[in-house]
Amino acid sequence: MADGDIRFRRPVEADHARLIRVVDDWWGGRRLRHLLPRLWLQHYTSSSWIAETADGALAGFLIGFISPDDPAIGYIHMVAASPNIRRRGLGRQLYAAFADDLRARGVRELRAITWAGNRQSIAFHQALGFRVDDGPGTVRVYGTTAYADYEGDGEDIVAFRRALEDA
Ligand SMILES: CC(C)(COP(=O)(O)OP(=O)(O)OC[C@H]1O[C@@H](n2cnc3c(N)ncnc32)[C@H](O)[C@@H]1OP(=O)(O)O)[C@@H](O)C(=O)NCCC(=O)NCCS
């Protein structure tokens, strides 16, 4: 488990600035801040989480939502733990908080994606019981299966899903 003094709360719009400051660094230098425009901190806070240490420092976050088209599906848009607090269960706790919350709101399946080269994200999702999509349209890449050129930008994307069992 993560350190006992880590607290979870809902994000507020004012968190946008501090999230944007860490995103590129926490994703290993990859430029990803364009994936977190302010709208996520305006319209998705009731299904997202911020984790902070006792002194208020940002420990991690999860931005997710219930699919407007299929309310049985919960989607994790971004999740991260501070590089200083990795492999101590924080990512697992963020997913548990998201899952518990959405399960109680009728969600039955979680989904997420990552790029095919993000080994730690793939290992993390598999450790949490997510299955990698391997059906029609996927190709073998980096020892897993992925959708080639998923967004039309040349990037291969691994898609995960996990049933939300009854608690
Ligand atoms: C992916 C990420 C959120 C995991 O957070 P974390 O707090 O370190 O994960 P946890 O400690 O809860 O790990 C849970 C399990 O996932 C697996 N896991 C996590 N990180 C792993 C890694 N780097 N390599 C292999 N397995 C890993 C392990 O099985 C781990 O259990 P264990 O430590 O008992 O063996 C974190 O590495 C991160 O922020 N990465 C950068 C952002 C990112 O890529 N996000 C995901 C895509 S949106």
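## Exercises on a predicted model

The largest pocket is lined by 38 residues, and Trp27, Val79, Asn118, Ser121 and His125 lie nearest its centre. A pocket here is an open set of points on a 1 Å grid over the protein atoms alone, with protein on both sides within 12 Å along at least five of seven lines; lining residues have an atom within 4 Å of a point.

The model is predicted: local features need pLDDT of at least 70, side-chain atom pairs count only at pLDDT 80 or more, and totals for chains, interfaces and linings use all residues. Residues are numbered from 1 along each chain as its sequence is written, and side-chain values use heavy atoms, with hydrogens and water left out.

**Exercise 1.** Classify the ring pair of tyrosine 95 and phenylalanine 130, and find what it ties together.

Solution. 
- Step 1: rings of Phe, Tyr and Trp (its six-membered ring) pair if their centres lie within 6.5 Å; planes under 30 degrees apart count as stacked, over 60 as edge-to-face and the rest as tilted.
- Step 2: the search of the whole structure finds 11 aromatic pairs. For tyrosine 95 and phenylalanine 130, the centres are 5.6 Å apart and the planes make 85 degrees, which is edge-to-face.
- Step 3: tyrosine 95 is in helix H3 (residues 90-103) and phenylalanine 130 in the loop between helix H4 (119-127) and strand S6 (131-132), so the pair ties together parts 35 residues apart in sequence.
- Step 4: both residues of this pair, tyrosine 95 and phenylalanine 130, are buried (under 20% relative accessible area; exposed is over 50%, partly exposed in between; 1.4 Å probe, protein chains only).

**Exercise 2.** Is asparagine 84 buried or exposed?

Solution. 
- Step 1: asparagine 84 lies in the loop between S4 and H3.
- Step 2: its relative accessible area is 65%, so asparagine 84 is exposed.

Technical notes
Helices (H or I, at least four residues) and strands (E, at least two) are DSSP runs, numbered from the N terminus. On a 1 Å grid over the protein atoms alone, a cavity is a set of points where a 1.4 Å probe fits but cannot get out, and a pocket is an open set with protein on both sides within 12 Å along at least five of seven lines; lining residues have an atom within 4 Å of a point.
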